[in-house]
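Hi,

Here is the structure for you to open. My notes follow below it.

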Amino acid sequence: MSASSDEPILRVEGLRKNYGSRAVCDGISFDLWPGEVLAVVGESGAGKTSLLKCLSGQTPIDAGHAFYRNAKGREIDIAASDETLLKRLQRTEWGLIHQNPRDGLRFGVSAGANVGERLMALGARHYGNIRHEAGDWLQRLEISGDRIDDLPSKFSGGMQQRLQIARNLVTKPRLVFMDEPTGGLDVSVQARLLDLLRVLVRDLGLAAVLVTHDLAVARLLGDRLLVMKDGKAVELGLVDQVLDDPQTPYAQLLVSSVLQI
Ligand SMILES: Nc1ncnc2c1ncn2[C@@H]1O[C@H](COP(=O)(O)OP(=O)(O)OP(=O)(O)O)[C@@H](O)[C@H]1O
Ligand SMILES: [Mg+2]
């Protein structure tokens, strides 16, 4: 059986995450379809990063469910999966792009090794091929081939972020989790990176959950939009629909820029 596009790649049902006695995600439900980008917005502390960490197996889910449909078409209950399976998914079928490249790169090895080791995790062994493909991906992310042996610490913030993206996309993940991927960057660097991301998402047909506080980023990259407040989903719909005609008072405030998120 192979994965089909008429079934969600991710099904989230009543997901809850507690820290202490407080629910920081509470009753979150949505389906994500193959090739779809769901943007998640909301003010600081709304629970966006916590949701992303639950979905990507980085922190336990306390109640509810998240089901991931894997490449073989089998649904995996993320809350019930062990660490080994989750780590394997993170290395293979999923991509995790962190706001801070320090959390998503290995700073002790070269740029080429950062990209190549994802391929090796999938079983690639031929050094020449791995180096060639790593070089290709660096170029796709506009990092020149002669930087392949440099350490990430020699790169600018924008380059490090592009390297992190190359490292994640080289294995053609089916589902990518991104937390503020352009967050810490200068505006001009952000614009170019967003452009690159938009093309890659489209060309690779990626499904993604994208956390952002920037409604322009949500508009550019997202198909649907989930608005969160105090751990709850307050609105979910097509990006253009929610941004042009928000239905709930909170989403209306958010869109009218009265709220700084
Ligand atoms: N490890 C943790 N231990 C305790 N509380 C936490 C932990 N991580 C997050 N929280 C709390 O959970 C709530 C939601 O945090 P989260 O980081 O998910 O918000 P966010 O929407 O990503 O905010 P931001 O836009 O500032 O990144 C916050 O009140 C935060 O203090
Ligand atoms: Mg966050």
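Which domains does the domain assignment of the chain give? There is domain 1, covering 1-93 + 173-261, and domain 2, covering 108-172. Please keep in mind that this is a predicted model.

On the two domains: their C-alpha centres lie 25 Å apart. Domain 1 puts 12 residues into the contact, and domain 2 puts in 13 residues. On the domain 1 side, helix 7 gives the most, with 5 residues. That side of domain 1 divides into 9 nonpolar, 2 polar and 1 charged residues.

Next, a helix pair. Helix 6 (residues 157-169) packs with helix 7 (residues 187-204). The angle is about 10°, and the axes are 11 Å apart. Helix 6 is therefore roughly parallel to helix 7, since angles under 35 degrees count as such. Helix 6 makes the contact through Gly158, Gln161, Arg162 and Leu169. Helix 7 answers with Val189, Leu193, Leu200 and Leu204. By class, this contact has 5 nonpolar, 2 polar and 1 charged residues.

Now the ligand. Which residues surround ligand 1? They are Tyr19, Val24, Gly42, Ser44, Gly45, Ala46, Gly47, Lys48, Thr49, Ser50 and His213. Helix 1 (residues 48-55) supplies the largest share of this shell, 3 residues. By class, the shell has 7 polar, 3 nonpolar and 1 charged residues.

Best wishes

Note on methods
Residues are numbered from 1 along each chain as its sequence is written. Chains are lettered from A and ligands numbered from 1 in the order in which they are written. This is a predicted model: local features need pLDDT of at least 70, side-chain atom pairs count only at pLDDT 80 or more; totals for chains, interfaces and linings use all residues. A residue is near a molecule or strand if its C-beta atom, placed from the backbone, lies within 6 Å of it. Helices (H or I, at least four residues) and strands (E, at least two) are DSSP runs, numbered from the N terminus. Ala, Val, Leu, Ile, Met, Phe, Trp, Tyr, Cys and Pro count as nonpolar, Asp, Glu, Lys and Arg as charged, and the others, Gly among them, as polar. Axes are lines fitted to C-alpha atoms, for helices over the stretch in contact, and angles run from 0 to 180 degrees between N-to-C directions. Angles under 35 degrees count as roughly parallel, over 145 as roughly antiparallel, 65 to 115 as roughly perpendicular and the rest as oblique. Two residues are in contact if their C-beta atoms, placed from the backbone, lie within 7 Å. Domain bounds come from an automatic or database domain assignment.
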